[in-house]
4 protein chains.
Amino acid sequence: MTYARQMLEAHPRRTATEAGALVECIEACFDCVQSCVACADACLGEGDVDMLIRCIRFCLDCGDVCVTTGRILSRQTEFDAGLARAVVQTCAQVCGACAEECERHADHHEHCRVCAEACRRCEAACEEVLSALAA
Amino acid sequence: MTYARQMLEAHPRRTATEAGALVECIEACFDCVQSCVACADACLGEGDVDMLIRCIRFCLDCGDVCVTTGRILSRQTEFDAGLARAVVQTCAQVCGACAEECERHADHHEHCRVCAEACRRCEAACEEVLSALAA
Amino acid sequence: MTYARQMLEAHPRRTATEAGALVECIEACFDCVQSCVACADACLGEGDVDMLIRCIRFCLDCGDVCVTTGRILSRQTEFDAGLARAVVQTCAQVCGACAEECERHADHHEHCRVCAEACRRCEAACEEVLSALAA
Amino acid sequence: MTYARQMLEAHPRRTATEAGALVECIEACFDCVQSCVACADACLGEGDVDMLIRCIRFCLDCGDVCVTTGRILSRQTEFDAGLARAVVQTCAQVCGACAEECERHADHHEHCRVCAEACRRCEAACEEVLSALAA
């Protein structure tokens, strides 16, 4: 249980996007930051870190993009659909790329399997917001 | 449901702190980032924004400190208890100050009431981690 | 004088992009974070804060996007041109929008004039990197 | 040349701290973010990455703490000396620890030498701000 829905409902201005898609995407972004930061760190602690360099790199980037996306989607005042679209589209792309890389190591490293799941969920939530913004 | 516990259990190295306190604190930190960013934004959208300047300022700072604390606690490789303590202590202090300010506006603005709750929960979770680190 | 060029030259792997454009963009991104955070804060301290809500909102978003872009461009290991392009393109767009808004208040508020300058410089530096990545 | 001094001089409220120390610290924080992110990445690209795990970990933490400190010090509206002190003190500690670790690898890796320099400069700038805040 996060506070994202309560915060959205308490906002003085009307939400530009369908609230359900927005709440899901905000939560997915912050969950994805955590997973990506933790996966990069877990990879660093593995004996075969040499095989995980690309995975660490993608997790670091994905964590950075997701925290920015989660923050921007949390703002409803003077909402600009064009900017939101650009940010969310980039986030979907980075999450997809990170998921693909983590999936390569999912059989050997449980943290990569979980992180890929978090990235795929965030990618899908971004696509939902993009559909809602286009409607 | 976040992935924080799964990520922690999948980590190749042993956790330095009691896992329950750590997971709760990581989740509370990321929830608090979201609440603080959203509260600062909601305050900006209010008609009486002039009365909420200090609240906005504290929410911006608290959001920044919580995202850093959440990221640092998500890392277990080469964990340094002294650094963790300094970061978590600062986070508890900033959350306490932000909660106090938000509580002043809780009767007039529901988003301040919810944000104060998120800050108090994060402050308490930080105190738990500090106790665990001292043990 | 920042350390960006020295860090790039000390990197064990060859840089994917022309170093000059990259260094300029990294420095412009971090300068823009600072200006945007400071401009949002200065706007909050103005007597006519009601007229500056959109400016504050855009500065907050722009600061978040620029810090992520500056971090991602600082990484050269397992560089992915497609991801870099998406991030830098979004950054250019957000900087352009923020500059446009700040320019509206540049005659009344010196901090908006300076911030618009920082945003335009970052927007141009992003365009240079995009050209270099396409080459 | 950054915009930090211009932004500070354009602020509608009086600066709580001596401007020179503040500007130097803000610039040192953002330079340190860049160096730490780039050093963690350069370490990842080295053949002896196994020897650099602790260095990567400390650089990641230090980069996160410095970006938060740089952002918070960039805000002057409703400045709270107690919070600033806690944040800057933590930043000095993290920079000192990161510098110490980077210095261990400075003879073999130029990026560690440069990053240690950036961390030491930021640590010293934080100490200056702490003195100014105590005055």
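Student: Across the interface of chain B and chain A, how many residue pairs are in polar contact?

Tutor: The model is a predicted one, and the pairs counted here have both residues at pLDDT 80 or more. Under that rule, the number of residue pairs in polar contact across the interface of chain B and chain A is ten.

Student: Which element gives the largest share of the side of chain B that touches chain A?

Tutor: The elements of chain B that give two or more residues to this side are α1 (4-9), α2 (19-44), α3 (53-73) and α5 (110-134). With twelve residues, the largest share comes from α2(B).

Student: Which residue of chain A meets B:Arg71 in a salt bridge?

Tutor: Between chain B and chain A the count is two salt bridges. In one of them the side chain of B:Arg71 is joined, at 2.9 Å from N to O, by the side chain of A:Asp64.

Student: Which three residues supply more of the area that chain B buries against chain A than any other three?

Tutor: The two chains bury about 3,400 Å² between them, with 61% of it on carbon and sulfur atoms. Of the area that chain B buries, 22% is supplied by three residues, namely B:Tyr3, B:Met7 and B:Gln34.

Student: What span is expected for helix α4 of chain B at 1.5 Å a residue?

Tutor: Helix α4 covers residues 81-103 of chain B, which makes 23 residues. From its first C-alpha to its last it reaches 32 Å, and this is close to the expected 33 Å.

Key: Residues numbered from 1 in each chain as written. Chains lettered and ligands numbered in written order. Predicted model: local features only at pLDDT ≥ 70, side-chain atom pairs only at ≥ 80, totals over all residues. Heavy atoms only, no water. Buried area = accessible area lost by both parts, 1.4 Å probe. Salt bridge = Lys/Arg side-chain N within 4 Å of Asp/Glu carboxyl O. Polar contact = N/O pair within 3.5 Å; in protein donor to acceptor, adjacent residues only side chain to side chain. Helix = DSSP H or I, 4+ residues; strand = E, 2+ residues; numbered from the N terminus. Expected span 1.5 Å × (residues − 1).
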